[in-house]
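Morning, everyone. I will take a few minutes on pockets in one model, and then we can move on.

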Amino acid sequence: MPKRDEVTWTNMISAYVGISDSSEALALFSNMWVQPFIGMDPFLLSVALKACGLGGELTYGEVLHGYSVKSGFVNSVFVGTALVDMYMKVGQIEKGCGVFDEMPLRNVVSWTTVITGLVRAGYNVEGLVCFAEMWRCRVQCDAYVFAISLKACAGLGALKCGREVHAQAMKKGFDENSFVANSLATMYNKCGKLDYGVQLFAKMRTQDVVSWTSIITSYCWMGQEDCAMKAFMRMQESGVHPNEYTFAAIISRCANLARVEWGEQLHANVLRLGLADYLSVGNSIITMYAKCGRLASASVMFHEMGRKDIISWTTVIAGYSQAGYGEEAFKYLSWMRREGPKPNEYAFASVLSVCGSMAMFEQGKQLHAHVLTVGLDSEAMVQNALINLYSKCGSIQEAAKNFDVTKDGDVISWTSMINGYAQHGYYQEAIDLFEKIPKVGLKLDSVTFVGVLAACSHAGLVNLGFHYFNSMSNDFKISPSKEHYGCMIDLLCRAGRLSEAEHMIKSMPIQQDDVVWSSLLTACRLHGDADCGRRAAEEILKLNPNCAVTHITLASIYAAKGMWREAAEVRKIMRSKGVIKEPGWSGIEAKDGTFVFVAGD
């Protein structure tokens with residue numbers, strides 16, 4: 001163009017800002033600034049400040065701030081608002097608030113900008129205080145202000161405050177606005193009122209992708225995964241296309257349901273729509289495959305991801321760790337240290353846990369030394385994993401030492417230590433530690449009771465075991481699970497009270513499995529009760545007809561009682577079924593590896 005005026009320059013700079021190309025916008029602005037016959041105005045300056053915020057150009061923004069003060073443009077509501085927005089986006093929250101406080105004129109955009117900046121930075125309380133001040137100043141709120149204020153309420157879990165904002169939005173007629181309606185649903189969901197979120201969704205006039213994603217997430221939080229899948233299908237039938245957030249939410253539910261066939265279909269859909277490059281989607285797919293036991297597929301997905309963040313690495317490491325593949329978990333951790341982001345406490349805790357489960361003691365100690373070097377040994381998750389590692393590897397004194405140095409131990413660390421003491425025969429120490437938990441202000445949970453019941457079982461403390469078992473539901477309102485009943489049945493079996501153990505199995509309100517009957521069968525062998533052993537074996541064989549251990553144990557019970565004909569009959573049945581006892585296996589550590597072998601190797 002032979003002639004360019006202020007309007008031309010402003011339009012071009014605004015266009016670059018509109019497509020989020022901040023570098024080109026600022027380069028064009030710098031070129032314009034040195035033109036001799038082009039004057040600056042507040043609107044142009046505000047556009048340049050917006051470009052600084054988009055590109056994170058703090059230094060350039062501060063230069064423009066200085067110019068605006070010198071030129072007097074800072075008193076313009078456009079420039080002042082742009083300055084607040086720029087400082088908020090580059091993380092200078094205090095400076096942004098300072099500019100806002102000094103603004104002589106403020107409009108609804110100015111208030112919205114400062115509230116949005118505060119809430120997005122995590123200052124939810126300050127954002128709500130600012131919203132209340134805006135209300136007192138009788139500034140006309142728009143839908144976006146209500147939406148961002150509801151987001152602050154959701155972040156705080158402030159249901160009462162959220163309801164007050166909801167009431168004001170209804171008075172202004174904004175509750176049917178899609179921004180506000182979606183924020184309302186999210187607020188009620190995060191405050192535990194999931195049914196409210198579902199009701200709001202049903203009343204929405206316009207159900208967009210955000211609304212559908214919110215309702216799908218609500219169903220997931222309510223544990224109604226089937227409803228979430230049906231909502232996902234209805235969403236597509238209504239012509240609304242799911243985005244990356246929708247897929248991330250629904251794929252995560254497939255992981256919790258262990259429905260790998262659903263996950264594979266969704267994975268194919270993601271590939272078809274070209275959404276696999278989004279980190280949230282890729283991470284959810286890795287999680288889904290890992291939780292469903294498809295570690296090879298999880299690994300392929302991980303390798304195909306163009307970008308990997310800390311969650312990607314931690315998810316694949318946790319997947320291999322939880323499945324008991326210690327060496328693979330170590331390989332990914334080493335790769336992460338070489339080429340990925342700095343490993344966090346989640347990655348280290350996962351690998352430390354598998355070291356404990358697989359008795360990889362030397363590798364666990366080396367990893368402990370590295371954790372000390374990087375300064376993550378004080379993280380609660382790592383401390384709990386260390387206690388678990390040393391307990392399971394037989395070094396109970398080292399586990400106790402790690403437990404003693406925990407500054408703010410949570411109930412998990414206490415439970416890990418109780419389990420460690422119980423497994424190694426320190427029954428009194430386990431019980432004493434259990435009794436201390438309420439005194440230090442921690443709340444007992446179901447897993448903690450499993451630990452103390454196991455300690456009572458190994459120590460033969462039947463009466464104390466029943467005291468804790470009854471106290472669960474009476475005093476702590478914890479419903480006994482299969483694990484708790486298993487501990488009590490084991491307690492009775494060890495004490496030789498087999499008829500009581502059998503009665504508890506038959507009367508417990510939880511579906512019986514072969515584990516509890518196997519405990520009774522083993523106790524029958526120890527105490528020589530052939531009749532009870534026969535009944536226990538019959539129940540096991542109903543659930544698992546080809547269980548070799550059950551046949552062999554029952555035959556041994558008969559043989560020990562001199563019932564040779566019955567023992568021979570059991571072994572004849574084994575041969576007719578083709579049941580063969582699996583050989584036992586063991587493992588040794590050698591040359592930084594764990595090698596498994598069986599008898600005869």
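First, the conventions. This is a predicted model, in which local features need pLDDT of at least 70, side-chain atom pairs count only at pLDDT 80 or more, and totals for chains, interfaces and linings use all residues. Residues are numbered from 1 along each chain as its sequence is written, and side-chain values use heavy atoms, with hydrogens and water left out.

A pocket here is an open set of points on a 1 Å grid over the protein atoms alone, where a 1.4 Å probe fits, with protein on both sides within 12 Å along at least five of seven lines; lining residues have an atom within 4 Å of a point. Volume is the space filled by probe spheres set on the points, which are joined across faces, edges and corners.

The largest pocket comes to about 770 Å³. It is lined by 25 residues, and Lys151, Asn182, Thr186, Lys190 and Val210 are the closest to its centre. Helices are DSSP runs of H or I, at least four residues, numbered from the N terminus. At least two lining residues come from each of helix 9 (143-156), helix 11 (178-190), helix 13 (209-221) and helix 15 (244-257). Helix 13 gives the most, seven residues.

The second largest pocket has about 570 Å³. Its lining has 23 residues, with Lys50, Thr81, Asp85, Val109 and Thr113 closest to the centre. Helix 1 (6-18), helix 3 (42-55), helix 5 (77-89) and helix 7 (108-120) each provide at least two. The largest share, seven residues, is from helix 5.
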